[in-house]
Amino acid sequence: MKFHYAERSLELAVKVFANMRGDGVNVSADFQAVNEYAFCWLTEAKKNYTVKDFGFVFDKYIQQ
C-alpha cells in the first residue's frame, strides 16, 4: 500500500511542477518537499480513516 502512496505522491508533485517556470527556484528541492509532504499526507489520511477495531460490528450482532 505504501508503494501506491509513493507513486501517487510522485504523480501529485509532477502535476504541481508541470506548468511552473524555474525563475531562480530550486526545483529539485521544492519537488522533493512537495513529494514528501504528499506522501506523509496520504499515509496519515490512511491511518486516520481506516477502521482497525471492528468490535462495534461484533457487538451489534452479539446483542441481537
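Phe58 counts as exposed in this predicted model, because its relative accessibility of 57% is over the 50% cut-off. You can find Phe58 in helix H3, which covers residues 55–63.

Now look at Asn35 in helix H2, which runs through residues 27–49. Is Asn35 buried or exposed? Asn35 is buried, because its relative accessible area of 18% is under the 20% cut-off. Leaving aside residues up to four places away in sequence, Asn35 touches Ala6, Ser9, Leu10 and Ala13. With Ser9 there is a polar contact between the two side chains, at 2.7 Å.

Next come the charged pairs. Side chains of opposite charge can pair when their charged atoms come close. How many salt bridges does the structure hold? There are two, and here they are:

| Salt bridge | Closest N and O atoms | Helix |
|---|---|---|
| Glu11 with Arg8 | 3.8 Å | H1 (residues 2–17) |
| Lys47 with Glu44 | 3.0 Å | H2 |

Glu11 and Arg8 sit three residues apart, about one turn of helix H1. The spacing of Lys47 and Glu44 is also three residues, about one turn of helix H2.

How do these charged residues meet the surface? Glu11 is partly exposed at 42% relative accessible area, and Arg8 is partly exposed at 34%. In the other pair, Lys47 is partly exposed with 46%, and Glu44 is partly exposed with 36%.

Terms used
Residues are numbered from 1 along each chain as its sequence is written. This is a predicted model: local features need pLDDT of at least 70, side-chain atom pairs count only at pLDDT 80 or more; totals for chains, interfaces and linings use all residues. Side-chain values use heavy atoms; hydrogens and water are left out. Helices (H or I, at least four residues) and strands (E, at least two) are DSSP runs, numbered from the N terminus. Buried means under 20% relative accessible area, exposed over 50%, partly exposed in between (1.4 Å probe, protein chains only). A polar contact is a pair of N or O atoms within 3.5 Å; within protein, one must be able to donate a hydrogen and the other to accept it, and residues adjacent in sequence count only if both atoms are side-chain atoms. Contact means heavy atoms within 4.5 Å. A salt bridge is a side-chain nitrogen of Lys or Arg within 4 Å of a carboxyl oxygen of Asp or Glu.
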